Amino acid sequence: MLSIAPAILATMTPPTVTPADFWLPIGASEQAVNVDWMFNFINYVCYFFFVLVVAMMVTFVVKYHAKKGTRIRTDGITHHTGLELSWTIIPLLICIAIFFFGFRGYVDLSTAPKNSYDINVAAFKWGWQFKYPNGAQSDNLVVPSDRPVRLVMRSSDVLHCCYIPAFRVKKDIVPGRVSSLWFQCNIPTGLEERDGYHLFCAEYCGTGHSNMNRRVLVLPQAEFDAWLTKQAAWLDEISDDELYFKAGPKIYARCSQCHSIDGTDGLGPTWKGIWTRITTPGGARFSDGKRYEDFIGPGKEYANPEEYIRDSIYNPGKHLVAPFGNVMPTFKGQLNDRGVEAITGMMQHLDEFDAKGAWTKAPTTPPKP
Ligand code: HEC
Ligand SMILES: [Cu+2]
């Protein structure tokens with residue numbers, strides 16, 4: 001008898017993980033328990049009535065079907081008060097229960113606890129930028145475990161939707177509005193990208209929609225704090241001469257959905273030969289008919305090519321490379337001077353990188369001691 005007690009206790013304290021099953025992926029947030037319970041409740045109600053309705057239908061078809069050679073007319077059927085009351089009142093009670101539990105869950109999901117940790121989220125075509133209170137930024141969402149986290153979300157262009165299935169949270173991000181959602185996850189994942197929970201944009205937002213898949217990495221508070229400090233200063237920790245190959249590829253990951261380095265034009269012009277193109281007179285034309293030499297050079301709009309690249313990153317719409325559209329988002333406030341320096345350096349040394357942006361000069365096998 002005694003051995004059963006812990007098992008009963010375990011069912012009384014709600015678990016913080018619900019294992020994946022046929023319908024739902026693993027539930028890794030505190031909210032998941034309630035969401036899953038509601039989902040399963042509605043699901044079982046549906047099974048019950050499906051079986052009931054089909055069973056009665058089959059029974060009646062078999063029992064009352066017209067037999068060969070008989071022509072029986074039934075008297076007009078009036079009604080059965082008891083039956084009608086029960087098939088009205090029972091479903092009504094079930095619907096009220098679903099509304100009650102659903103509404104309570106909705107209010108809970110929409111009201112973040114006061115001690116939540118806020119992370120700013122910018123959704124854009126096509127990617128995410130996660131900004132932390134100390135100024136750090138990241139490409140995947142990194143959050144502390146064992147405390148509520150609130151995402152404060154804005155869109156810089158069209159409708160996007162932040163969806164983290166494992167946390168059972170999902171919220172539209174409407175341009176011009178601030179939306180928020182919150183969750184608490186108590187199961188750390190570590191910093192390995194493949195271990196993270198999926199984060200999707202769940203609102204079809206154009207050709208690059210699928211580039212918005214990211215991971216949510218959950219770290220215990222102390223590890224999270226350490227990561228945060230390091231993340232805020234990551235560009236400063238790299239020495240000047242290593243900047244273009246250590247920081248360049250990481251930054252390029254945010255440009256690669258539009259800019260290739262293998263010579264194929266995408267949404268934006270390929271970067272293959274970009275440095276030569278910009279610095280050699282007679283290069284590509286802009287939408288307004290101008291060429292690079294018309295505004296790059298001493299005394300002109302940009303004193304040197306570096307200035308032009310910097311301005312292309314901060315004010316992308318100013319000079320449009322033909323025939324491309326004005327679709328590049330500004331990276332003002334997201335890439336600082338050192339970031340621009342790193343990516344400019346990468347453009348000057350593109351022959352040292354492979355088609356995916358990995359630095360090929362890196363030693364592939366560690367030198368023997
Ligand atoms: C959503 C697509 C998109 C993303 C993401 C993007 N760009 Fe662009 N970029 C464009 C387009 C389109 C153009 C051409 C039109 C223009 O000049 O604005 C362009 C032009 C440029 C130019 C001028 C190129 C030239 O040949 O003169 C530079 C430099 C540039 N981008 C840098 C970047 C950097 C650095 C990043 C990443 C940090 C980036 N872009 C991310 C779409 C993008
Ligand atoms: Cu989107």
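How many nonpolar, polar and charged residues does the shell around ligand 1 have?

**Entry 1, ground rules.** I am working on a predicted model, where local features need pLDDT of at least 70, side-chain atom pairs count only at pLDDT 80 or more, and totals for chains, interfaces and linings use all residues. Residues are numbered from 1 along each chain as its sequence is written, while chains are lettered from A and ligands numbered from 1 in the order in which they are written.

**Entry 2, ligand shell.** I looked up the shell and found 17 nonpolar, 8 polar and 2 charged residues. My classes: Ala, Val, Leu, Ile, Met, Phe, Trp, Tyr, Cys and Pro are nonpolar, Asp, Glu, Lys and Arg are charged, and the others, Gly among them, are polar. In total, 27 residues surround ligand 1. A residue is near a molecule if its C-beta atom, placed from the backbone, lies within 6 Å of it. I noted the closest ones: Cys255, Cys258, Gly268, Phe324 and Met328. Helix α9 (residues 305-314) contributes the most to this shell, with 3 residues.

I find 10 helices and 10 strands in the protein. Both are DSSP runs numbered from the N terminus: helices are H or I with at least four residues, strands are E with at least two. The protein is more spread out than a compact globule, because its radius of gyration is 30 Å, well over the 21 Å that the globule rule gives for 369 residues. That radius is taken over C-alpha atoms, and the rule is 2.2 Å times the number of residues to the power 0.38. The C-alpha trace spans about 100 × 65 × 45 Å along its principal axes.

The domain assignment gives me domain 1 (117-232) and domain 2 (240-352). Such bounds come from an automatic or database assignment. The C-alpha centres of the two domains lie 28 Å apart. I see 10 residues of domain 1 in contact with 6 residues of domain 2; contact means C-beta atoms, placed from the backbone, within 7 Å. The side of domain 1 that touches domain 2 has 2 nonpolar, 6 polar and 2 charged residues.

**Entry 5, sheet.** I traced an open sheet of 5 strands, ordered β4-β10-β9-β6-β7 with mixed pairing. Strands pair if DSSP finds at least two bridges between them. β4 (141-144) and β7 (169-173) are the edge strands, each pairing on one side only. The twist averages 20° from one strand to the next. β4 and β10 (residues 214-219) run parallel, joined by 4 bridges. Leu141 has Val216 in β10 as its bridge partner.

Technical notes. Contact = placed C-beta atoms within 7 Å. Axes fitted to C-alpha atoms, helices over the stretch in contact; angles between N-to-C directions.
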